[in-house]
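Please open the model in your viewer and keep the sequence panel beside it.

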Amino acid sequence: MARHSGGRGWYSKVIGAALGVALAATGASIWTAQAGVVGGSSKPAASETAVKPVAETIVHASDKGPRGVNITIDDGPDPVWTPQMLDVLRENGVKATFCMVGTQAEAHPDLVKKVVAAGHRLCDHSVSHDTTMDKQSQAYQKQQILDAERMITKASGGVRPMYYRAPGGAFTPYSRKLAASHGMRPLGWNVDTKDFEGPSAATMVETVEQELPDGPTILFHDAGGDRSQTVEALRQILPQLKAEGHTFGFPVH
Ligand SMILES: [Zn+2]
């Protein structure tokens, strides 16, 4: 997970700000359309309907512009930690992007539905989190990405993932193009809390403050071990960032 997907710095931030303004309006209508599917019956899966391709470049920018921050939470859903993170996000009025592993989504469809019902967005994080994806055949990458897309969409009750984040950031030109053709924007990150290495909440908060000037997309995890410090870090950092004048958004789609 330590691999970085690139794209740091002011240049991408400025470009992102411009894109964020342009796309803010469409974001709302996309979400409304997605929510409509949830409220409907068990069929048909949205994946059966036409999908609008998106850009295949890795996005870091926030749809809330230059002061926007994107909270992204990976590797779940997890029955212990995801509900706690949903609580903290709700208490702070923050929407996040959940990058889900296909097998986890399949095992916990109730949690996927809760994530969607709370207004958060879904991201495809492959079927089995193979961080050597960039060394594998195209057929394998395709299976990992599209099977996870189906698993997540089924678990959610028809809400499709809007992004694709390669496990460990192991994107390839092929995987970006494939995901984008299915309406899933390749999603990077700028701030790595490295919560999977077990730092304290205080250390994670410090990391966020230090690295946020690099870009707006922050990486947390809601699975893969004891995530109590991640929950605590979110509890501290969300009001802190708000007090500093940041707003919370989604990665530009
Ligand atoms: Zn991951």
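**Before you select anything**

This is a predicted model, in which local features need pLDDT of at least 70 and side-chain atom pairs count only at pLDDT 80 or more, while totals for chains, interfaces and linings use all residues. Residues are numbered from 1 along each chain as its sequence is written.

**The whole chain**

Two residues are in contact if their C-beta atoms, placed from the backbone, lie within 7 Å. Among contacts between residues at least 6 apart in sequence, 82% join residues at least 24 apart.

**Ile71 and Ile218**

Select Ile71, which is found in strand β1 (residues 68-74), and then Ile218, which is found in strand β7 (residues 217-221). How far apart in space are Ile218 and Ile71? Although they are 147 residues apart in sequence, their C-alpha atoms are 5.3 Å apart. Ile218 counts as buried because it has 26 C-beta neighbours inside 10 Å, and Ile71 counts as buried because it has 25. Leaving aside residues up to four places away in sequence, Ile71 touches Val94, Ala96, Ile218, Phe220 and Phe248, while the contacts of Ile218, with its neighbours within four places likewise left aside, include Val69, Trp189, Val191 and Val208.

**The largest nonpolar core**

Next select Met100, Leu122 and Cys123, which have the most contacts inside the largest nonpolar core, a set of 56 residues. A nonpolar core is a set of buried Ala, Val, Leu, Ile, Met, Phe, Trp, Tyr and Cys residues joined through C-beta atoms within 7 Å. In soluble globular proteins, nonpolar side chains tend to be buried together. Leaving aside neighbours within four places in sequence, Leu122 is in contact with several residues, among them Phe98, Met100, Val116 and Ile152.

Select helix α4 (residues 109-117) together with α5, whose axes come within 7 Å and cross at roughly 75°. Axes are lines fitted to C-alpha atoms, for helices over the stretch in contact, and angles run from 0 to 180 degrees between N-to-C directions. The angle makes α4 roughly perpendicular to α5, a description used for 65 to 115 degrees. Pro109, Val112, Lys113 and Val116 in α4 meet Ile152, Ala155 and Ser156 in α5.

Finally, select helix α2 (residues 81-91) and helix α8 (residues 228-243), whose axes come within 10 Å and cross at roughly 10°. That makes α2 roughly parallel to α8, the description for angles under 35 degrees. Trp81, Gln84, Met85 and Val88 in α2 meet Val231, Leu234, Arg235 and Leu238 in α8.

Conventions:
Buried ≥ 20, exposed ≤ 12 C-beta atoms within 10 Å, placed from the backbone. Helix = DSSP H or I, 4+ residues; strand = E, 2+ residues; numbered from the N terminus. Parallel < 35°, antiparallel > 145°, perpendicular 65-115°, else oblique.
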